[in-house]
Amino acid sequence: MEKELRLMKGNEAVAEAAIRTGADGYFGYPITPQSEILEYLMVADPYKTTGMVVLQAESEVAAINMVYGGAACGKKVLTTSSSPGISLMQEGISYIAGAELPCLIVNVVRGGPGLGTIQPAQSDYSQAVKGGGHGDYHLIVLAPASVQEMADFVGLSFELAFKYRNPVMMLSDGAIGQMMEKVWLGPQKERSKTVPEWATTGKPPTRERNIITSLDLNPARHEIFNQKLIAKYNEIKEKEVRFEEFQCDDAEYLFVAYGTSARVCQKAVQLAREQGLKAGLLRPITLFPFPSKRINELADKVKIILSVEMSAGQMVEDVIISVNGKVPVFHFGRMGGIVTTPDEVVENLKSKIKGD
Amino acid sequence: MEEATGIKSIIRPENLFYKKTKLMTDNVLSYCPGCGHGTAHRLLAEVIEEENLQSEAIGISPVGCSVFLYYYIDIDWQEAAHGRAPALATAIKRLMPEKFVFTYQGDGDLAAIGTSETIHACNRGENILIIFINNGIYGMTGGQMAPTTLPGMRSSTSPYGRDVKVMGNPLKMTDIVATLPGTYYVTRQSVHTPANVKKTKKAIRKAAQYQKLNKGTCFIEIVSNCPSGWKMTPVESNKWMEENMFPFYPLGDLKVPEEKPVK
């Protein structure tokens with residue numbers, strides 16, 4: 001089957017891509033601005049075609065624990081939510097990381113804290129990248145910047161999740177979730193019949209029983225487990241960094257931005273160049289692992305780095321660590337559900353150049 | 001010596017009337033002497049073995065005294081976060097409807113922090129078995145008040161007795177879930193006498209058979225003792241349970257299906 005071109009919202013693209021990539025189950029709870037995902041799946045009713053289970057849970061807490069149960073059976077399962085709902089899921093996410101279960105969690109971020117707003121924001125960066133739940137763990141975090149990537153990253157997320165036995169978060173935002181763009185969708189894939197050796201599917205006489213747990217009361221053993229997790233995260237840092245560069249070759253001024261802000265900054269690069277400022281953009285696609293090495297290399301060539309985020313400045317901390325004092329690093333961003341404009345970004349860059 | 005007492009002549013296959021189920025592992029149980037958990041585990045393991053469900057069974061252990069249940073019964077297990085077992089079971093059963101899926105939860109796990117997951121799984125009529133051990137106290141954390149702690153009952157967080165005006169009344173979760181259309185078989189049993197052990201085993205067997213019918217949730221409460229938490233000897237605790245727990249949590253079926261189980 002050929003690829004198919006559709007005009008869709010980012011949220012709908014996630015739902016359709018989940019069906020097409022052969023997901024086994026979706027468990028979610030309605031919350032703005034991502035309820036279209038659950039609605040789309042309920043209309044599509046994939047149980048009748050692919051056998052994919054779709055269930056509206058009684059809460060985000062239940063939804064993430066359904067994901068735990070499904071993932072522990074070796075199934076391809078996902079949940080989606082938005083910021084307040086993702087906060088509720090943090091307990092389950094920590095357990096999933098601790099039990100080393102593969103799954104996909106999509107966060108269509110809205111402004112916070114608290115109920116905040118239903119408008120787009122990027123203020124859940126630290127929660128997604130640094131932890132969120134308790135304990136030493138990391139999610140693999142992918143940041144889509146288009147409806148196309150909302151679709152493409154579903155399959156990629158499952159690939160990475162199963163490769164590393166690690167939960168993957170797609171950190172989107174209300175703008176990409178709600179906006180419509182054309183999107184190429186891949187052909188329908190069969191649901192996998194492969195059962196991972198660790199999965200709990202009922203113990204046949206041929207193997208030992210499988211136990212999925214994050215508990216070990218023996219400190220020496222548990223530290224070894226912690227070290228094993230760290231080794232895994234280091235391998236991920238080594239092998240899975242993804243980013244995109246836009247006009248960085250001759251850039252004197254570098255924007256670092258992901259998701260919706262990266263779209264804004266791409267335009268800002270053009271505007272800046274029209275005004276004689278050689279700007280470039282580095283767009284992290286993976287937020288964990290963060291493209292620190294490349295940002296550090298670019299810091300040798302540029303004069304100023306501006307981290308542009310729809311937050312009070314969260315990713316900028318990782319940019320500062322990456323740059324390690326080579327050049328000044330600044331943050332610019334709007335909050336409260338306001339999407340930064342390209343003009344604002346250029347004006348801010350100019351003020352930083354002037355040293356305001 | 002053996003010849004003299006005749007033991008050797010008695011230990012013969014034809015005289016064997018009970019043996020440990022193969023599904024109970026040789027791991028040492030972490031329970032206090034006299035606790036009901038060990039008996040409940042054994043019954044569960046026996047039913048799984050006798051119903052030939054080992055390769056179908058996926059159990060979910062709770063947070064509480066029975067957190068290490070997965071060390072004791074030789075089947076596949078998932079360890080849930082506190083109270084979330086019915087959510088895990090929901091997904092497992094929906095993704096693999098042919099499997100035998102059950103949770104095993106204490107009163108803190110099921111009736112306090114997991115109230116929502118319990119009620120909604122039962123209300124959706126998930127085809128799972130929920131085993132609910134109710135000893136009216138938080139055993140593992142050291143004897144704190146549970147949602148099922150009786151009025152006036154002492155615990156480390158109700159040291160002067162549970163004052164229902166301040167601390168609320170005990171929650172009868174089994175009575176609540178029996179009212180939900182999603183439940184198929186709801187019963188309350190105990191494991192403190194041989195007769196009750198037999199009844200409880202029968203209930204677990206029925207639930208295992210009912211699950212094959214896909215009719216809804218089976219829910220078995222086992223009112224149990226907690227000698228350590230109640231600060232009594234095992235014998236005293238069983239007596240106290242009969243005199244105090246059973247009047248408040250009466251044993252017997254709360255909801256019985258009309259259909260007969262499949263053979």
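Is the crossing of H3(A) and H4(B) left-handed or right-handed? The notes below take up that crossing after a word on the model and its numbering.

1. This is a predicted model, in which local features need pLDDT of at least 70, side-chain atom pairs count only at pLDDT 80 or more, and totals for chains, interfaces and linings use all residues. Residues are numbered from 1 along each chain as its sequence is written, while chains are lettered from A and ligands numbered from 1 in the order in which they are written.

2. The crossing of H3(A) and H4(B) is right-handed (left-handed would have the near helix turned anticlockwise from the far one by less than a right angle, right-handed clockwise). The axes of helix H3 (residues 60-71) of chain A and helix H4 (residues 85-95) of chain B come within 7 Å and cross at roughly 50°, axes being lines fitted to C-alpha atoms, for helices over the stretch in contact, with angles from 0 to 180 degrees between N-to-C directions. H3(A) and H4(B) are therefore oblique to each other (under 35 degrees counts as roughly parallel, over 145 as roughly antiparallel, 65 to 115 as roughly perpendicular, and the rest as oblique). Helices (H or I, at least four residues) and strands (E, at least two) are DSSP runs, numbered from the N terminus.

3. The contact between the chains takes 31 residues from chain A and 29 residues from chain B, two residues being in contact if their C-beta atoms, placed from the backbone, lie within 7 Å. On the side of chain B that touches chain A, H4(B) gives the most, with eight residues.

4. Chain A is assigned domain 1 (4-190 + 227-239) and domain 2 (244-354), with bounds from an automatic or database domain assignment. The centres of these domains, taken over C-alpha atoms, are separated by 26 Å, and 26 residues of domain 1 of chain A are in contact with 22 residues of domain 2 of chain A. The largest share of the domain 1 side, four residues, comes from H5(A).

5. The largest nonpolar core has 174 residues, and those with the most contacts inside it are Val141(A) and Phe255(A). Such a core is a set of buried Ala, Val, Leu, Ile, Met, Phe, Trp, Tyr and Cys residues joined through C-beta atoms within 7 Å, buried meaning that 20 or more other C-beta atoms lie within 10 Å of a residue's own. Domain 1 and domain 2 of chain A both give residues to this core, so it lies between them.

Definitions and conventions:
A residue is buried if 20 or more other C-beta atoms lie within 10 Å of its own, exposed if 12 or fewer, and partly exposed in between; C-beta atoms are placed from the backbone.
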